[in-house]
Amino acid sequence: MKKTGIIMAMALVCMACHNNQDQVTSVADYDNHLNSEKIKTTSKFFELWNKKIKPDSLQLLSFGNVASEYSRYFKGTGNIKFLKKAEKALDKAVEIANINKEGYLRALARNYIAQHRFKEALELAEMARQLEGGLKDTQSLLFDVHMELGNYAKAEAYLDSIHNPSEFGYLIRVAKWNDYKGDLDTTIRFMEKALAKAESSRNKKLMLWSYSNIADYYGHAGRISDSYQHYLKTLALDPNNAYAKKGIAWIVYSHEKNGKEAMRILDAITENYQSPDYYLLKAEIADFMGDAKRAVKNREQYRKSVMDNNYGNMYNAYTIDFALEHTKQTNRALNLALAEVENRPTPESYHLLANTYLNMGKPEKALGIVQEHIAGKTFEPAILLSVAEIYKANGLVDQVQTLKQELEDSLYELGPIVGEKIALL
C-alpha cells in the first residue's frame, strides 16, 4: 500500500473509533460564534482622524490613530492590505514626530515584526532606545525582536533589564523565555500569573491576549479541556476572534478526530477572515477525511493567496513545506530556506533548510545543519520530527528511537496525519 493510502486508512480507522470519552467540546458552546458578521473596517473614530490627513499633512495624532485602526482591522480580518496601510501611516508619523518619536518607532517595529521583517524591526528598536523615552517599553520590544532573531543571550539580558514580577509585560515574556527553554510547567505558571493580572485590571485587550495564549500552552501540556475553556473565554470577549475558533477546530480535529466538524468551523472562519495558512489546515483535514478533491482545492487557494507580494516573508515557512510536499519544487524551497536563515537565523529556520537538503537527497548535509544549529536548541515537536527523519536517513537508530518516544507524547500538537510519520520512523 502506498504511503498516502496508509495515512487515509489510519484516518478512517481513527474516525471510526472516535468515542465520547475524547469529547471535550460541545457545538452549543461555540455555534453561535460561527455566524458572526463580517468585521467593520471603518468607524466614526477612523473617519474623523482619516479626514485630517492631507497629502502634505503634519497631523501627527491622525497618523497614529489611523495606524492603530488599520492594525485592528488587520487582526480582525487577516487582510494584509490593512497591515501595509498601518505601516504607511506609521512611516509618516515617524517622519514628522518631534515628541514621542520613540513611541512611533516602537509601533512601526511591531508592524515589521508582524510582517517578519525582523532585522528592520531591530534597527527601529535601537533607534527608539537611543531616544530613551519609555525605556522599559523599548527594552521589552528588544527582548521580543532578539527572540525572533534567535539572539537568545541578548534577549535574556533585556529580560533581566525589565525584571518586575508584578508587571504583566514581564510575566508574559518570562513565560515565553521558559517556553523557549522547554520548561512548559514554569511557562504555564507565569502565564497564569499574567492572566490573573489581566483579569484584575479588566483590560479587555490583555484578557483576550492572555486567554488565547494560555489556551495554546494548556494544549501543549495535554490539558485539552482547559485549553478549550479558555478559547471559549476568548470568544466570549470577542465573538469574531478567528484564532480562538481555529484553536477549537484543532481540538475537534486532533483530539476528538472529528474532521467534518473541524472543517465546518474552519469554513465559517474563512468566510470573513483571510489568512493563507488556514487553507493548508483545511487541506490537511480534508486528507484526514479522505476527501482528495477538497484537499487539492484548499492547497490551490493557499498557492493563490501567497502570490500577493504584500506578504513578503510572512509565509515562507509554510511555502517551503508546500513546495517540498506537494509541488516538488526543491530549488524554490532551497532558495526560500536560505532566505529564511538569512532573515531569521533560528533553529526553526535552520530546520527548514535541513529538511530541504534531506528532500534533495543530501542527508549528510542535513545532518550537519542539525548538529550545528538545531540539536538541543529547540523543543518544538514539528522540528524534532524533521530531526528524527534526518537521523533515520543517516542510520542513527538510537537517536531516532529517543526522539520517537518524545514525539509520541506530542501527537495532539502534531495532529493525526503527522502521527503516521512518527509510526514510520
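1. In this predicted model, Arg299 counts as buried, since its relative accessibility is 14% and the limit for burial is under 20%. Its side chain meets that of Asp287 in a salt bridge, with N and O 2.5 Å apart. The pair links distant parts of the chain: Arg299 belongs to helix H17 (residues 292–305) and Asp287 to helix H16 (residues 276–289), twelve residues apart. Asp287 is partly exposed, at 25% relative accessible area.

2. A second salt bridge joins the side chains of Glu325 and Lys421, at 3.6 Å from N to O. Here the partners are 96 residues apart, Glu325 in helix H18 (residues 316–327) and Lys421 in helix H25 (residues 416–423). Glu325 is partly exposed at 40%, and Lys421 is partly exposed at 24%.

3. Glu69 and Arg72 also form a salt bridge, their closest N and O atoms lying 2.9 Å apart. Both are in helix H4 (residues 60–77), and because they are three residues apart there, about one helical turn separates them. Glu69 is buried, at 9% relative accessibility, whereas Arg72 is partly exposed, at 39%. The whole structure contains 21 salt bridges.

4. The largest nonpolar core comprises 50 residues, and Phe143, Val145, Leu159 and Trp177 have the most contacts inside it. Beyond its neighbours within four places in sequence, Leu159 is in contact with Phe143, Tyr170, Arg173, Val174 and Trp177. Apart from this core lies another, of 33 residues, including Leu385 and Ile422.

5. His230, in helix H13 (residues 224–237), is buried, with a relative accessible area of 10%. Among the residues that His230 touches, not counting those up to four places away in sequence, are Leu195, Tyr211 and Tyr218.

Key: Residues numbered from 1 in each chain as written. Predicted model: local features only at pLDDT ≥ 70, side-chain atom pairs only at ≥ 80, totals over all residues. Heavy atoms only, no water. Helix = DSSP H or I, 4+ residues; strand = E, 2+ residues; numbered from the N terminus. Buried < 20%, exposed > 50% of the residue type's maximum accessible area, 1.4 Å probe, protein only. Contact = heavy atoms within 4.5 Å. Core = buried A, V, L, I, M, F, W, Y, C linked by side-chain atoms within 4.5 Å. Salt bridge = Lys/Arg side-chain N within 4 Å of Asp/Glu carboxyl O.
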